[in-house]
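Subject: Structure for your files, with notes on a pocket and some helix contacts

Hello,

My notes come after it.

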Amino acid sequence: MYSGSSDGEGHETQQRKIPPASSMLWVRNLRRFIGSGTGLGSEALMELETKRILLDIFKEKQQKNAESGTIPSFYRKKPEEGSISHRVQRLAKYRFLKQSEILLNADDLDAMWVCLRENCVIDDSTGAEKMNYEDFCHIASVCAEQIGPKCRRFFSPSNFMKFEKDESGRIAILPFYLYVMRTVSLTQARIDMSELDEDSDGFLQSHEMEAYIKGLIPNLAQLRDMPDGFIPMYCRIASRKFFFFCDPHRRGKACIKKVLLSNCLQELMELHQESEEEVTDTEQAENWFSLTSAQRICDMFLALDKDMNGTLSKQELREYADGTLTEIFIERAFDEHVRRGKGGVGNTREMDFECFLDFVLALENKDTPEGLTYLFRCLDLNGRKYLTTADIHTLFRDVHQKWIEGGNYELCIEDVRDEIWDMVKPEDPLQITLADLLKCKQGGTVASMLIDVRGFWAHDNRENLLQEEEEPEEE
């Protein structure tokens with residue numbers, strides 16, 4: 001729950017006596033404000049309402065503590081509709097959303113950049129534009145005159161100390177400006193997400209995340225020309241990556257703070273760049289949030305769904321990636337990550353579109369903790385949270401069969417098993433855990449070797465592939 005600050009004034013009012021009639025009056029006023037959504041009116045009234053509500057909550061909790069002798073948990077359950085806690089939550093959210101009125105806009109940021117460049121000095125050795133602390137304070141005054149007091153918080157001494165300084169104690173203006181831009185962007189994103197957070201619990205559900213992404217589309221240069229009919233599908237595909245990385249326990253809601261700090265949001269914001277001038281086709285294909293990538297995922301699912309029933313059977317999923325994935329991996333993916341059908345019969349279990357998106361995200365992000373966690377559950381054949389030599393032998397047997405069917409040379413499964421052990425170097429020499437795979441920094445490669453014949457081929461030919469990548473650079 002986001003809290004609006006009471007500026008420390010709540011403690012000063014704890015001893016004030018509030019007559020019952022007066023108490024009923026401010027409760028009715030606050031209820032009228034919340035019900036109408038028109039606002040509290042004057043700032044003084046809003047401050048008064050806040051302090052009185054906080055005082056009432058303080059007394060209520062103090063009484064409960066005295067009766068029970070325990071310290072209550074503030075996050076034990078959500079406040080009931082119409083309760084004092086619920087009204088405070090609504091008021092805190094209202095005050096938090098009002099921050100958007102004091103954020104720097106695009107014109108303010110442009111004006112700040114001009115001020116920085118006009119009042120900086122050029123480093124003779126590097127040509128970089130820099131400023132010392134005196135310049136920093138002077139620029140703060142100039143920006144305050146041209147932009148207003150809302151920019152002052154960026155020019156604090158503590159902010160100046162955050163940046164790397166040269167031998168003369170100067171910092172570069174570009175990192176500072178990028179810091180201001182990112183702070184404004186993240187604050188605005190948090191406000192936008194919080195506005196969509198219907199129950200104000202600091203988490204977004206899938207439909208709320210999709211609504212946030214839909215609102216961004218007109219402002220993202222590479223998505224402006226998206227056909228209207230594809231927007232709902234795009235929002236489903238895009239939001240799924242946020243939940244894959246920010247909802248590890250699959251509770252159906254993603255923490256707003258975790259979303260803001262994730263690489264997913266940064267990847268989405270890269271679509272601000274104009275595709276014709278600044279982004280290559282390869283970069284578009286690699287960005288999950290690009291229109292090219294979303295259409296690729298959608299076309300892939302439709303091509304696999306032979307019976308066109310909106311879900312994928314095991315037989316249909318076997319055609320993924322030209323059929324290079326092993327049978328045992330497909331079986332384990334269904335066992336671990338696909339919900340059972342309503343009838344409860346194993347043969348009716350099929351993979352829906354959301355599960356398919358998780359499947360693709362795991363395979364395309366094998367080196368991340370989230371992707372490797374998804375795959376490890378499939379590799380852990382007996383649910384023991386570790387792999388033994390017998391598990392490795394069983395998993396690689398299907399890869400070996402596809403390898404031989406592809407006309408490749410004969411290889412020894414025991415040699416591959418020993419190579420995997422040498423790559424991972426597990427703490428326990430008899431078993432490999434998920435922690436071992438994450439620690440060795442080669443967990444994605446190991447997983448590819450055990451589930452995909454193409455992944456094993458890439459590992460077996462890694463030296464030749466590396467040489468081919470370096471040859472164009474030498475020319």
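Predicted model: local features only at pLDDT ≥ 70, side-chain atom pairs only at ≥ 80, totals over all residues.

I looked at the second largest pocket, which has a volume of about 920 Å³. It is lined by 25 residues, and those closest to its centre are Met-181, Arg-182, Ser-185, Met-269 and His-272. Sorted by class, the lining holds 14 nonpolar, seven polar and four charged residues.

Which helices each supply at least two residues of this lining? They are α4 (106–118), α7 (173–196), α8 (206–216) and α11 (263–269). The largest share comes from α7, with 10 residues.

Helices around the pocket

Two of the lining helices, α4 and α7, pack against each other at an angle of about 165°, and their axes are 11 Å apart. An angle over 145° counts as roughly antiparallel, so α4 is roughly antiparallel to α7. Their crossing is right-handed. On the α4 side the contact is made by Leu-109, Asp-110, Met-112, Trp-113, Leu-116 and Arg-117, which meet Ile-173, Leu-174, Phe-176, Tyr-177, Val-180 and Met-181 of α7. By class this contact has 10 nonpolar, no polar and two charged residues.

Another lining helix, α8, packs against helix α9 (residues 231–246) at an angle of about 115°, with 9 Å between the axes. This crossing is right-handed. From α8, the residues in contact are Ser-206, Met-209, Glu-210, Ile-213 and Lys-214. From α9 they are Ile-231, Tyr-234, Cys-235, Arg-236, Ala-238, Ser-239, Phe-242 and Phe-243. The contact of α8 with α9 divides into eight nonpolar, two polar and three charged residues.

A further helix pair

Helix α22 (residues 443–451) and helix α23 (residues 453–460) pack at an angle of about 125°, with their axes 5 Å apart. That angle makes α22 oblique to α23. The crossing of α22 and α23 is left-handed. Thr-445, Ser-448, Met-449 and Ile-451 of α22 make the contact with Val-453, Gly-455, Phe-456 and His-459 of α23. Here the classes are four nonpolar, four polar and no charged residues.

Regards

Terms used. Residues numbered from 1 in each chain as written. Heavy atoms only, no water. Axes fitted to C-alpha atoms, helices over the stretch in contact; angles between N-to-C directions. Helix = DSSP H or I, 4+ residues; strand = E, 2+ residues; numbered from the N terminus. Parallel < 35°, antiparallel > 145°, perpendicular 65-115°, else oblique. Left-handed = near helix turned anticlockwise from the far one by under 90°. Contact = heavy atoms within 4.5 Å. Nonpolar A, V, L, I, M, F, W, Y, C, P; charged D, E, K, R; others polar. 1 Å grid on protein atoms, 1.4 Å probe; cavity = no way out; pocket = protein on both sides within 12 Å on 5 of 7 lines; lining within 4 Å. Points joined across faces, edges and corners; volume = space filled by probe spheres on them.
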